[in-house]
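Colleague: I've got this model open and I'd like to learn how to read it. Can you walk me through it?

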Amino acid sequence: MPTEATFLLAALLIIAAASGFAFKIYSDRDRDLPPRISADYIRGLNLVLNRKTDEALELFVQMAKVDEDTLETHFALGHLFRRRGEVERAIRVHENLLARPTLNETQRHQALFSLAEDYLGAGLFDRAEQFLTQVIDSPTLAEASLEKLVYIYEREQEWQKAIDAQRKLEMLSGAKSSQVAHYYCELAEIARAGGNRQLAREHLKNAVRSQSGVLRGALIRAALAQEEGDFVEACALYEQVIAADRHFVSEVLPSLMICYREAGRGADLESYLQRLISRDATLQRDFAYAAVISNLTDSPTLATCVERFVFEHPVLASLVNADELKQLPDEQRHRAIARIAQGLRQVALLSARYRCSNCGYSTQRFIWHCPSCKLWETIRPIQTFALESVLV
Ligand SMILES: [Zn+2]
């Protein structure tokens, strides 16, 4: 049982500390070390073993002396409290340590870092940040502190601070990360939402540091170009996204169709779609999904993709009696397919539309940062109809 194990571990730590004292007292009698400390630890041991946690805590906090020999025990005790979810007690232990004037710089940094971990465990990010920023120049704890600061800034969506902390971390570790590109993309999207397209573009210049930044950056640039009425540029950028990752077909196709139409190039859209299908016939399934989910009805190529999807799907074809449908005159068949597409859309909208390729987290809304595994750009549109959900 974890609780038992925790108590036993605490007891062992205290025994270790007490025996350390006993040994020291026994072997260095001449130095006449104060026996009171050893007695306190034995009392602490008894209290912990008797599960009188509050009394044990008070005893440790009130101990007059925290020195080299007892310091690790105090840290271990604070750590144990935090692991058990007793964050307030952990904070008391670490605050007590920090208040000791005899701590050297390394020990003080460790106490500050431990307090930050306590506050992080309690979800008090502001307090955790205050302590972590005091440790970012520590020779031993700088990297760990910066990693936690990046985590906090991500959670708090303070993107510029996240960039600064991540850059410092990269300088220390020598490793480049792809997430900074996403922080710049976040800033670009905020600027775009605020109508400041020039600032958005400046942020995007910094985002092109990794493949992930390129894809997301292209999507934001496309949206900026579309807002500015540069539909030819927007088309090129949307097509670039589809070429880079076909999973984005369903996300991009509605905007791409609008831009083709606005640019007066409706016929070019059909040849673009046909060109992609001739290179990879399996794209028809993605086009069918995109057409159904976004109700894209005015493209003959997409309509054909939807019809083929219905007729060739092993389950759907028998459910809708595809052989009979194929015999119907064009107009009646198109109406029937439109009704089936409407049903499929309802199925798709009731199911998870996006899934993280790393941890399997699924969501109805597209996001770049997985809230479960905390990785960036691992969530992708699923682009399949969960027909099994309506067959049970
Ligand atoms: Zn994930």
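Modeller: Start with pLDDT, the predictor's confidence in each residue, from 0 to 100. Here the chain has a mean pLDDT of 84, with 82% of its residues at 70 or more. Residues 19-36 fall below 50, and this stretch has 13 contacts in the model beyond near neighbours in sequence, a contact being heavy atoms within 4.5 Å. This is a predicted model, where local features need pLDDT of at least 70 and side-chain atom pairs count only at 80 or more, while totals for chains, interfaces and linings use all residues. Residues are numbered from 1 along each chain as its sequence is written, and side-chain values use heavy atoms, leaving out hydrogens and water.

Colleague: How many helices and strands are there in the chain?

Modeller: Both are DSSP runs numbered from the N terminus: helices are H or I with at least four residues, strands E with at least two. This chain has 21 helices and three strands.

Colleague: Which residues are the protein donors of the zinc ion?

Modeller: Donors are N, O and S atoms within 2.8 Å of the metal (3.2 Å for Na, K and Ca); water is not among the atoms, so sites may look incomplete. For the zinc ion they are the SG atoms of Cys 356, Cys 359, Cys 370 and Cys 373, lying 2.3 Å from it. Their spacing in sequence reads C-x2-C-x10-C-x2-C. Cys 356 sits in strand β1 (354-356) and Cys 370 in the loop between β2 (362-363) and β3 (379-381), a pair 14 residues apart that links distant parts of the chain.

Colleague: And what is the geometry of the site of the zinc ion?

Modeller: Four donors count as tetrahedral if all angles lie between 85 and 135 degrees. The angles here run from 103 to 117 degrees, and the site is tetrahedral.

Colleague: Is Cys 370 buried or exposed?

Modeller: Buried means under 20% relative accessible area, exposed over 50%, partly exposed in between (1.4 Å probe, protein chains only). Cys 370 is at 0%, so it counts as buried. Cys 356, at 4%, is buried too. Across the 392 residues of the chain, 48% count as buried.

Colleague: At what angle do helices α14 and α16 pack?

Modeller: Axes are lines fitted to C-alpha atoms, for helices over the stretch in contact, and angles run from 0 to 180 degrees between N-to-C directions. Helix α14 (249-262) packs on α16 (283-293) at about 65 degrees, their axes 9 Å apart. Among the residues that meet there are Leu 253 in α14 and Phe 287 in α16.

Note on methods:
Tetrahedral: all angles 85-135°; square planar, octahedral: opposite > 155°, others 65-115°.
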